[in-house]
Amino acid sequence: MIYLLGGSGYVGHAYQALLTRKGIPFRNLRRADIDYTIPEVLTTALKADRPELLINAAGYTGKPNVDACELHKTDCLFGNGVLPGRIAEACTAAGVPWGHVSSGCIFTGSRADGSGFTESDAPNFTFRQNNCSFYSGTKALGEEILVGAPNVYVWRLRIPFNEVDSPRNYLTKLMRYSRLLEAANSISQLEEFVEATFACWEKRVPFGTYNVTNPGHVTTRQVVELIKASGVSKKEFSFFASEDEFMHVAAKTPRSNCVMDSSKLASVGIQLTPVEDAVAAALRNWRQAAA
Ligand SMILES: NC(=O)c1ccc[n+]([C@@H]2O[C@H](COP(=O)([O-])OP(=O)(O)OC[C@H]3O[C@@H](n4cnc5c(N)ncnc54)[C@H](OP(=O)(O)O)[C@@H]3O)[C@@H](O)[C@H]2O)c1
């Protein structure tokens, strides 16, 4: 049996669908039912149920975007920076291995040679650099707090997308924003992300940090071209002239745009679809969410 925290959220729903499809029993813990943010409460539950794995898909994401985290700093710091440490405490006490959904947004840019950041690179979009959004800073703290924690996977998700029209889907966001920021990013197809992370456990790959992004990276303009070619949107897309203009007009806090290297995951035998193919497939199968 698997424990799922944050199963009520966007990423958590994808885990619920995966585990249901695989016929794997799981318990979806919701704070409203059991306050898993209190280590003693979580430890007691873990010792009673003895799940073989806990998946933490809980955290604080600003809605509709990271700007909202600037207004809700306490919840954001607690959900992203403190909660992972508390889960580590409970899982260690109960002897339960676990996986934490982190984020690639703790990086900005790419390596000097243009290649993607690997798991051995130190995050460069954090409170320590004093250059980040509050959200990214708290996600970096969440990873920092897990350094040295035993039996934990840290899975870095980055800008999720899939074929289902949703305000949380990157492709929908691009189609709905009135103007776009040109940037290069590595991104994660949501269902491939949850499958790949669960495969880490099924295949018993070594614990540690994994960048779980579709291989390669895309620019905003490339994705827009794929949207136009698919016929999903016929809109005339317009772009900000520069990041300065974007920050001035549309944003309250800096965005992480970054290129990630996912070859560590590939090296343990877990392959995601190359990013352009994954975006094209999502657009080919584009559909409205079920009512
Ligand atoms: N969506 C993205 O673009 C994205 C990208 C990269 C990484 N991530 C990470 O993936 C994780 C899940 O994101 P999501 O988009 O699925 O978020 P979401 O839709 O907001 O769901 C998160 C869930 O976390 C639980 N939670 C526990 N403590 C919380 C707190 N202090 N504040 C708010 N919610 C809390 C809530 O479940 P209950 O109340 O039912 O317990 C909530 O439903 C987060 O750690 C996020 O940083 C997301």
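User: A crossing is right-handed if the near helix is turned clockwise from the far one by less than a right angle, and left-handed if anticlockwise. Left-handed or right-handed: how does α2 pass α3?

Analyst: This is a predicted model. In it, the crossing of α2 past α3 is right-handed.

User: At what angle do they pack, and how far apart are the axes?

Analyst: Helix α2, residues 39-49, packs on α3 at about 35°, and the axes are 8 Å apart.

User: Which residues make the contact?

Analyst: From α2 they are P39, L42, T43, L46 and K47, and from α3 they are R86, I87, E89, A90, C91, A93 and A94. By class, eight are nonpolar, one is polar and three are charged.

User: What about α3 and α4, what angle there?

Analyst: About 20°, with the axes 7 Å apart; α3 covers residues 73-94 and α4 residues 134-144. Angles under 35 degrees count as roughly parallel, so α3 is roughly parallel to α4.

User: And which residues touch?

Analyst: On the α3 side, K73, C76, L77, N80, G81 and P84; on the α4 side, F134, Y135, T138, K139, L141 and G142. That contact has six nonpolar, four polar and two charged residues. The crossing of α3 past α4 is right-handed.

User: What does G79 touch?

Analyst: Leaving out residues up to four places away in sequence, G79 touches A58, G59, Y60 and P84. G142 is 63 residues from G79 in sequence, and their C-alpha atoms are 8.9 Å apart.

User: Switching to α1. How many residues, and what reach?

Analyst: Helix α1 runs over residues 10-22, 13 residues in total, and spans 19 Å from its first C-alpha to its last, close to the expected 18 Å.

User: Which of its residues are buried?

Analyst: Y10, V11, G12, A14, Y15, Q16, L18 and L19. Just past the end of α1, G23 has a positive phi of about 70°.

User: Which non-glycine residues have a positive phi?

Analyst: N151 is one, at about 55°, and R204 is another, near 55°. N151 is in the loop between α4 and β5, and is partly exposed at 40% relative accessibility. R204 is in the loop between α6 and β10.

User: Is the K63 to P64 peptide bond cis or trans?

Analyst: Cis, with omega near 10°. P64 lies in the loop between β3 and α3.

User: Last topic, E163. Where is it, and what does it contact?

Analyst: E163 is in the loop between β6 and β7. Apart from neighbours within four places in sequence, E163 contacts N169, Q189, E191, A282, N285, W286 and R287. At 17% relative accessible area, E163 is buried.

User: And T172, buried or exposed?

Analyst: Buried, with a relative accessible area of 1%. T172 belongs to helix α5, residues 170-176. With neighbours within four places in sequence set aside, T172 is in contact with V164, D165, S166, P167 and W286. W286 is also among the contacts of E163.

Definitions and conventions
Residues are numbered from 1 along each chain as its sequence is written. This is a predicted model: local features need pLDDT of at least 70, side-chain atom pairs count only at pLDDT 80 or more; totals for chains, interfaces and linings use all residues. Side-chain values use heavy atoms; hydrogens and water are left out. Helices (H or I, at least four residues) and strands (E, at least two) are DSSP runs, numbered from the N terminus. The expected span of a helix is 1.5 Å times one less than its number of residues. Buried means under 20% relative accessible area, exposed over 50%, partly exposed in between (1.4 Å probe, protein chains only). Axes are lines fitted to C-alpha atoms, for helices over the stretch in contact, and angles run from 0 to 180 degrees between N-to-C directions. Angles under 35 degrees count as roughly parallel, over 145 as roughly antiparallel, 65 to 115 as roughly perpendicular and the rest as oblique. Contact means heavy atoms within 4.5 Å. Ala, Val, Leu, Ile, Met, Phe, Trp, Tyr, Cys and Pro count as nonpolar, Asp, Glu, Lys and Arg as charged, and the others, Gly among them, as polar.
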